[in-house]
Amino acid sequence: MCGIVGYIGGQNCVPVLINGLESLEYRGYDSAGVAVISNGAIEIRKTKGKVENLRNLLLEQPVSGTVGIGHTRWATHGAPSDVNAHPHFSNDDKIAVVHNGIIENYQELKEKLQAKGYVFHSDTDTETVAHLIDDFYKQNNDLLEAVRLTLNVIEGSYALGVLCTDYPDQIIAARKESPLIVGIGEGSNFIASDIPAILNYTKNAYILGDKEFALIKADEIKLYDIDGNEIHRDVYTYNWDVEAAQKNGYDHFMLKEIYEQPKVVMDNLSRRFSADGKHVELDGIKLGRAELENINQIYIVACGTAYYAGLVGKYLLERMVRIPVNSEVASEFRYKDPLIDEHTLVIVVSQSGETADTLSALKLAKAKGSRVLGIVNAVGSSIAREADDVLYTLAGFEIAVASTKAFSAQVIAMYLLTLHIAQELGTLPEKDFLEIKEAMLRLPSQINDILTKAVPAIRSFVDKYISSKNVFYIGRGLDYVVSMEGSLKLKEIAYLHSEPYAAGELKHGPIALIESATLVVGVATQESLFDKTRSNMQEVKARGAKVLAIAMQGNRSIEEVADDVIYIPRTHWMLTSVLANIPQQLFAYYMALGLGEDIDKPRNLAKSVTVE
Ligand code: G6P
């Protein structure tokens with residue numbers, strides 16, 4: 001969480017910083033601020049709320065300069081407020097700092113600094129860093145060394161941007177466990193939490209590693225390790241164009257990303273099959289028969305939407321490969337002393353590749369000798385770099401906080417991985433593989449079909465039930481997993497109380513909550529479970545619920561137990577999840593739209609959660 005951007009070059013940095021911060025708002029929007037070197041002093045403008053507020057503040061109190069850093073915050077230490085907004089100053093306004101992450105030992109450091117006479121103005125952990133750098137700088141008069149010494153003292157995670165009035169021609173940046181890249185321009189250079197912030201200016205960057213720091217001037221970049229040794233890094237070129245970070249005529253990034261799914265799924269399927277069409281080929285995965293035969297269990301670990309994509313994998317792998325698969329949310333897995341060893345394959349799933357809990361789970365798994373396979377969207381992210389094998393999900397930028405296209409790409413990755421493992425271990429006959437492959441290749445046009453046809457029905461359902469306060473999602477098997485993701489989406493963006501239940505479990509308690517006009521989304525796309533789920537829908541309908549069903553084309557008997565039905569095109573049983581989820585995304589989107597919520601930036605959430 002939190003977004004950082006910095007610019008040093010020949011032009012006024014303020015528009016660069018503001019535009020950059022706007023494209024980083026998916027990381028947090030509790031406050032925003034900039035620090036700019038102007039006529040030998042550092043000027044800070046910062047305010048509670050979104051970058052738009054900062055833009056307005058800068059109209060009232062303009063500032064300009066060619067060197068600056070900016071920050072958009074997701075609050076951890078200290079409430080969202082003007083005073084807790086970054087950047088933070090040292091006491092004599094000489095050093096300004098922006099920070100993403102958590103300084104875990106800040107309290108102890110703060111007390112030591114207070115004993116030395118430092119006065120704290122905010123409740124943040126970050127202010128400690130500004131004073132610490134200042135303290136070391138006063139001792140040795142060398143800013144770069146003062147930053148390095150500070151990095152040796154602080155514990156926790158950080159991406160940092162530092163300005164100092166004595167060095168008006170440089171920015172210092174550092175990172176540990178929070179993302180930071182150093183963008184390479186012509187006569188100008190940048191720092192950023194993520195490439196969209198600087199994509200208007202450059203596609204080339206150095207990706208800083210853990211405990212590395214950088215000295216950035218307009219025409220020079222030097223990288224160092226924590227011991228102060230200069231290091232060399234290859235330039236990474238991002239193959240994304242500026243349009244990817246724009247709405248392109250859509251009202252919201254979420255809607256744009258929903259409509260990108262046919263292409264995303266196609267991208268994830270093309271070049272994934274061998275030339276003879278008889279095998280899955282996954283670049284970056286070195287799990288052949290020998291390695292797989294050494295594995296006696298699989299853990300799939302992730303957070304949020306990625307966890308539900310992982311659950312799809314659990315259902316498929318257990319059924320098609322017959323290996324026990326545990327699926328755990330990363331924040332539980334990391335503290336439960338999991339029963340894993342060198343015979344365990346741990347699959348971590350993450351869009352951002354930076355989620356703190358998932359990254360810690362990965363490190364724990366490696367420490368216990370397990371092989372770790374990452375299913376990751378963000379190229380070069382921490383999880384991608386630390387995993388033994390990486391399957392990239394090729395979803396492109398996902399900017400809306402609520403994940404849509406990244407989920408679909410993760411589910412496709414699960415399909416491909418399941419087929420790969422099943423083929424290597426000989427549990428999938430070629431005839432079945434070919435049938436599934438053909439069905440997979442039809443998915444992009446089938447998603448397109450849903451996007452074209454389902455919207456009017458969903459909008460009319462939303463219009464009828466917009467005042468609902470509770471929404472239940474029910475399904476069985478893979479449909480239950482899809483229900484969980486649908487329910488999460490509705491909570492995230494429409495702020496409606498919503499719960500997913502295994503349809504068969506409803507009668508053991510939750511059915512007591514069903515009353516007249518309670519809304520129930522029933523997912524019944526698994527043909528082998530269709531009659532069972534249909535009966536459960538009948539049970540809620542008999543108690544007054546209004547039912548929106550999602551079913552496969554041809555299963556018309558669903559209409560007897562549902563008020564409205566969205567049909568998905570027919571497909572193989574293992575592939576229904578990606579299709580069944582599309583109407584749920586649209587339902588959550590149009591509910592949130594009808595309720596007037598801020599769809600792309602839902603309250604209290606952030607897209608990239610780099611704190612525990
Ligand atoms: C946050 C986001 C979710 C996301 C989860 C995991 O909670 O708001 O949309 O699913 O983090 O993120 P990851 O980047 O690891 O997939």
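Trainee: Is Thr418 buried or exposed?

Mentor: Thr418 is buried, at a relative accessible area of 0%. Buried means under 20% relative accessible area, exposed over 50% and partly exposed in between, with a 1.4 Å probe and protein chains only. This is a predicted model, where local features need pLDDT of at least 70 and side-chain atom pairs count only at pLDDT 80 or more, while totals for chains, interfaces and linings use all residues. Residues are numbered from 1 along each chain as its sequence is written, and side-chain values use heavy atoms, with hydrogens and water left out.

Trainee: Thanks! Which helix is Thr418 in, and what does Thr418 touch?

Mentor: Thr418 sits in helix H13, residues 405-424. Helices are DSSP runs of H or I with at least four residues, strands are E runs of at least two, and both are numbered from the N terminus. Leaving out residues up to four places away in sequence, Thr418 touches Leu316, Leu317, Met320 and Val321. Contact means heavy atoms within 4.5 Å.

Trainee: Switching to the ligand: how many residues surround it?

Mentor: The ligand is surrounded by 13 residues, and Thr305, Ser350, Gln351, Ser352 and Thr355 are the closest. A residue is near a molecule or strand if one of its heavy atoms lies within 4 Å of it.

Trainee: Which helix gives the most to that shell?

Mentor: That's helix H9, residues 304-321, with three residues.

Trainee: What about polar atoms at the ligand's oxygens?

Mentor: A polar side-chain atom of Thr355 is 2.4 Å from a ligand oxygen. For Ser352, a side-chain N or O atom lies 2.7 Å from an oxygen atom of the ligand. Thr305 has a polar backbone atom 3.0 Å from an oxygen atom of the ligand. A polar contact is a pair of N or O atoms within 3.5 Å; within protein, one must be able to donate a hydrogen and the other to accept it, and residues adjacent in sequence count only if both atoms are side-chain atoms.

Trainee: Now helix H1. Why is H1 largely enclosed?

Mentor: Eight of the 11 residues of H1 (residues 13-23) are buried, so the rest of the structure largely encloses this helix. Among those buried residues are Val14, Leu17 and Leu21.

Trainee: What do the buried residues of H1 pack against?

Mentor: Their partners include strand E1 (3-8), helix H2 (51-60) and strand E10 (189-192). At the start of H1, a side-chain oxygen of Asn12 comes within 3.2 Å of the backbone nitrogen of Val14.
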